[in-house]
Amino acid sequence: VTGVQTCALPISEAINQLAILKANQGAIDQAIDLFKRLDELQPDEPFTLDSIGVLFGKKENYIEAEKYFRKALSIDPKYEQARSHLQMIEKILSQP
């Protein structure tokens, strides 16, 4: 096959970039699936879990978002981005 080039990126970085692209295009479900795949390849990476939480928040699925933010913080309690996202979700969930 001519014209095919090899990718210098590790598979995990390629999946991460594709997930970000899909999220930016509004393909939230596809982005979530890609980040979940990334989580399988690199388990317990707080950034990935936080990203999944953000995407569930965009879908207004705040219970799932909270679950992923908490999981990110259980791995890295000092991860401020996940803490900030969790606080926003907790505010939303506490509203009547």
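H85 has a relative accessibility of 16%, so this residue counts as buried. The cut-off is under 20%. The model is predicted. H85 sits in helix 5, which spans residues 80-94. Leaving out residues up to four places away in sequence, H85 touches D50, V54 and F69.

**Helix 4 against helix 5**

Helix 4 covers residues 62-75. The two helices pack at an angle of about 150°, and their axes lie 9 Å apart. Helix 4 is therefore roughly antiparallel to helix 5. Angles over 145 degrees count that way. The crossing of helix 4 and helix 5 is left-handed.

| Class in the helix 4 and helix 5 contact | Count |
|---|---|
| Nonpolar | 11 residues |
| Polar | 1 residue |

**An aromatic pair**

The structure holds 1 aromatic pair. Why is the pair of F56 and Y68 stacked? The ring centres of F56 and Y68 are 5.8 Å apart and the planes are at 15°, so the pair is stacked. Planes under 30 degrees apart count as stacked. The pair links distant parts of the chain, 12 residues apart. F56 is in helix 3 (residues 46-58), while Y68 is in helix 4. Both F56 and Y68 are buried.

Methods. Residues are numbered from 1 along each chain as its sequence is written. This is a predicted model: local features need pLDDT of at least 70, side-chain atom pairs count only at pLDDT 80 or more; totals for chains, interfaces and linings use all residues. Side-chain values use heavy atoms; hydrogens and water are left out. Helices (H or I, at least four residues) and strands (E, at least two) are DSSP runs, numbered from the N terminus. Buried means under 20% relative accessible area, exposed over 50%, partly exposed in between (1.4 Å probe, protein chains only). Contact means heavy atoms within 4.5 Å. Axes are lines fitted to C-alpha atoms, for helices over the stretch in contact, and angles run from 0 to 180 degrees between N-to-C directions. Angles under 35 degrees count as roughly parallel, over 145 as roughly antiparallel, 65 to 115 as roughly perpendicular and the rest as oblique. A crossing is left-handed if the near helix is turned anticlockwise from the far one by less than a right angle, and right-handed if clockwise. Ala, Val, Leu, Ile, Met, Phe, Trp, Tyr, Cys and Pro count as nonpolar, Asp, Glu, Lys and Arg as charged, and the others, Gly among them, as polar. Rings of Phe, Tyr and Trp (its six-membered ring) pair if their centres lie within 6.5 Å; planes under 30 degrees apart count as stacked, over 60 as edge-to-face and the rest as tilted.
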